[in-house]
Every structure is written in structure tokens, then in C-alpha cells.
Amino acid sequence: MTNISRKAFIYSAVAAAAAATIAGASSCQKAKAKEDRKPLNIVYIMTDDHTAQMMSCYDKRFADTPNLDRIAADGVRFTNSFVANSLSGPSRACMLTGKHSHKNGFTDNTTCVFDGNQPTFPKYLQKAGYQTAIFGKWHLESLPQGFDRWEIVPGQGDYYNPDFIVENGDTVQVHGYLTDLITDKSIDWLENERDASKPFCLLIHHKAIHRNWLADTAHLNLFEDRTFELPDNFYDDYAGREAAKTQEMSIFADMDPIYDLKMNRPDKDSPLKARYESYVGRMDSAQRAAWDAFYNPIIEDFYAKDPKGRELAEWKYQRYMRDYLKVVKSLDDNVGRVLDYLEEKGLLDNTLVVYTSDQGFYMGEHGWFDKRFMYEESFHTPLIMRLPKGMERRGDITEMVQNIDYAPTFLEIAGVEIPSDIQGVSLLPLLKGETPENWRDALYYHFYEYPAEHSVKRHYGVRDGRYKLIHFYNDIDQWELYDLDADPTEMHNIYGTEGTDSITAVMKNKLKDLQEQYDDPIRTEYPL
């Protein structure tokens, strides 16, 4: 071998050995990085009837929610977050399955029982090695499946000294205020029951801030010095909106002075008096003494003044706002307890914290309380997420998202393949700061619960970035069209007015496309 050949051979051998060493080191580093990269935990906090305008990270006019604001500040705030069916049980079914109501089978609270045998995201996470738990409100009539640990309240649950259904099927009464107790049970599971070597998905699902807004006695005196400005459309006359005229969710006409506003006295009666007395009857002597000490003077003053007409309507509004905010205060405090625990235990960097509600709610807009309608206040729902280390997105996410998107998001975060029958789409790309091509430009909605409480007609509809088209059906056949840029409070139904033919055609085509995409059988009964 010549000197040149020998040198080339030696150089080649050294280079090959070096390359092998570098490749081996790189391979080890990748393996170690993969080993160090633990699966993300998920804490999903869900409330009932908490509307975005009563969270200070969305709207600073009314509420101060510093702990909810912490979630948004350390992550993202979705500004176009919506539900598929603005009602408690159906919304939960959409969230669990990633499917619209007609696909998961739970269309309304009055006739349905959730089929727990169907696939849900907790079941998929269990198969992937996650520990799963839920504490609090379930409201799906059947018992939870897919959870390693659960305790739920029967039906809506009680604010004071509530019952819990435990895993053996027994019902156990627990002393305390419900929002505190749900948080206690959730933190206790994190601290004492879970296997710290495994990832977890914890659902903390509150009754708050559901009607009839019974505050913790520690907060009864809060907000009593506040006077809240009436919404501009508080005295809406519902011109051009037939379904809105026949609802039974008016603060003036339908909000019960005893049940909703606590103006109970032995000589006064209402259709809901017995229900109210059963709720406050759960209190122990100390709780009831604090309750009576606060409310008795207000009760006496109310009946002495005996307000009528607009004076009564506005008195009801002020009491409603104060009671609602008192329940929000307990909720926000307890969210803070969860965040503090996760931070203390070093879990925040590896945990996605999600906060949302099962839908929005009316705080006097259109003169209403409650939800159900596809109008913005109840169709829109708050959604904020505190992001774990490695997800650096911050601020607002403006893309249109829906509660059918939660299930695929959690699955993708856990590294689980998203089943093809899930109708929602994962939000993970948005959390990473990516803008997926062909992101949806319209959302579909369908409400079924009629005839029923609050008398909101059945309807379905479509919303894009500017327009909303709604069809009220069943015992009515009425269309409504809104230009949300020109009329954000949806006071002027422009369906059928001059110059709207082209946009109506466009919106009906979008509606038809979504009904076909989601395979809603209503399209055969009311073809477009």
C-alpha cells in the first residue's frame, strides 16, 4: 500500500469511527430527550353557566376574577369559542365525545340518558396509560365510565351540604359548600391517591354558577354596595323575532322572587317556594343563622316597598347580578387553590390547565337570564388555557373553536390517535402558534329541548365570521339572519329584507354543508 493510500485509509477509518461516535451520541441524546419528555397532564376545570362577560380576563365591567386571569395570562384566551348545544347535559356529552348531540345521543336534559358505553376521551386516555378522575357535576343521568376515580353530585347538585354519589353507588352527604368540596376532593386525589409515575387527566366540574346562585355564607355581604348598569337592550321588545317573544326566561316576568332572589317569607308563596326551602333546608344551624341575618332585612324592605313594573325589573336585575358574582367569587378562589397546589408540587410546567363553561349565560341582555338560544351571549363560551413548558403561545386565539374540539385536543396532547368518527378538530396546532390551512370558517348549532322549561323553541343554525342564520322549527317556521358586524347584540332580524338575498343564499349553503358534514338527520325533515 502506498503512503498516500495508507494515509487515506487511516483518515477514512478515523472519520468513520468519529461519525459512528457522533451518531451514537446523537442517538443517545434523542433517546434521553424522549425519556425525559414526560406525557403532559391535563386539568380540565368546567363550570356551569359561567359567561365570558363575568370574567375579568374577558370583560372588566362587572367581575374581578384574578385566578382565572392567571390562567389566561400564562397561556391563551380564545375569543371565538362556542358550544354546539347551549344546555348543560348536552354540552357535557359533546365535550366527552367530540361529537354533536345527534351523534352522541344526548340531545336534551328532559328525555335523554347518556350512553356510557360509547367511546369518550377519558376511555382513550385510560388505554394510553393515563389515570383519569372526575369530581363534581356530571348531569348525564348514567354513571361515569372511563374514570379510575369519580364522585359526582346527583343531577344539578346542592350548594350546601351536598350529596355525592360514590363509586359503589351509595349516596353520601358531605358537610360544606359545594365549590369548596369539589376542589377538596380533587386536590386530595392529586395528593394522596394518584400514581405519581403516571400522567393524569383530572376533570374538576363545578355546579357553580348555576341557578339559583346560593352564595357561600362567607361571601353574602359582598357586592352589596355595587349598582350595575343595565344592558342597552334590557327592555328589548323582540320585534321581528317570534321565538324570542315566547320564551320564559325574562328577569322581569319569569325570575322568581323567592326561588331565584331569596325573598322568602311565611306569608308569601310562589310555584318554586318548596324547591327553594328544600335547598336552604340543607343548611346547618350556623349556616342558616348567617343566611337569615343577611337576607331578613332585605326581605322586609322588599315587601315593604313592593316595587312594580320597571322598578321591580331593575331591582331583580341588581339582586341577580350580586348573587351571581358572589358565587363567582367562590369559584375563582377555588381555581386559585388548584393553581397554587400544582405550582407547589412542581406540576405546572408539565400540565395543561383548561378552564371553560358548559355554555354562556344572559346577564340581563335582552332582559333575560338562562341560556339555550343561539344568540351570542349563550352560544359563546369562555375558554382559557394555561400552557405547559414548551408551548410558548401567549395571548388571544381568534380562530373559531367549539366544545366538540376538546376531546381531540386532549387525545393529540396525550399522543393518542384521534378516531375518525370524532367530529371536532384538535386545537393543539393553535396552541403551538401554527395556523392550519383550511381552518373552519363556520360553526353549526342545534338546540332540541322544547317544549320544556324556559320555552325556547327548537332551532339550528350556522355562524361564520360575520353573519348568523337561524331556523326555528317544530311548532314554528321562522328564519333569522344577523349581520354581527353591524348588529352585534342581534336586535335586528334582516332575514327577507331587501338586499339580503345573496348573503342568505351563501349562509344557507354553509348550513347545508355543515348538516351534511356532521350528518344531522334534521336536513331530511327540513331540506334547504
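**Overall size.** I began with the radius of gyration, taken over C-alpha atoms, and the globule rule of 2.2 Å times the number of residues to the power 0.38. A compact globule of 528 residues would come near 24 Å, and the protein chain has 26 Å, which agrees. The model is a predicted one, in which local features need pLDDT of at least 70, side-chain atom pairs count only at pLDDT 80 or more, and totals for chains, interfaces and linings use all residues. I number residues from 1 along each chain as its sequence is written, and side-chain values use heavy atoms, with hydrogens and water left out.

I then looked up the extent of the C-alpha trace, which spans about 115 × 65 × 40 Å along the principal axes of the protein chain. The protein chain exposes about 21800 Å², with 49% of it supplied by carbon and sulfur atoms; these areas come from the Shrake-Rupley method with a 1.4 Å probe. Buried residues make up 59% of the 528. Here buried means under 20% relative accessible area, exposed over 50%, and partly exposed in between, with a 1.4 Å probe and protein chains only.

**Elements and contacts.** I count 16 helices and 16 strands in the protein chain. Both are DSSP runs numbered from the N terminus: helices are H or I with at least four residues, strands E with at least two. I take contact as heavy atoms within 4.5 Å. Among contacts with a separation of 6 or more, 68% join residues 24 or more positions apart.

**Cores.** Which residues touch the most other members of the largest nonpolar core? They are Y44, F78, F121, L125, M385 and L431, in a core of 45 residues. Helix α13 gives the most to this core, with 5 residues. Such a core is a set of buried Ala, Val, Leu, Ile, Met, Phe, Trp, Tyr and Cys residues joined through side-chain atoms within 4.5 Å. I listed the contacts of M385, leaving out residues up to four places away in sequence: I71, G75, V76, F78, L352, V353, V354, L427 and L431. A second, separate core holds 43 residues, including Y177, M255, Y259 and V280.

**Helix α3.** The buried residues of α3 pack against β1 (41-47), α4 (101-104), α5 (121-127), β4 (131-137), β8 (200-205) and α13.

**G424.** This glycine lies in the loop between α13 (406-413) and α14 (428-431). Is G424 buried or exposed? Its relative accessibility is 9%, so G424 counts as buried. Beyond its neighbours within four places in sequence, G424 is in contact with G98, I404, D405 and P408.

**Four-stranded sheet.** I traced an open sheet in the order β13-β14-β15-β16, with antiparallel pairing. Strands β13 (442-447) and β16 (478-483) stand at the edges with a single partner strand each, so one side of each has no neighbour in the sheet. The twist averages 10° from one strand to the next. Two strands pair if DSSP finds at least two bridges between them; β14 (459-464) and β15 (467-472) are joined by 5. G461 stands opposite I470 in β15. Helix α15 (501-517) packs on the sheet and touches β13, β14, β15 and β16. The direction of α15 makes about 110° with that of β14, where axes are lines fitted to C-alpha atoms, for helices over the stretch in contact, and angles run from 0 to 180 degrees between N-to-C directions.
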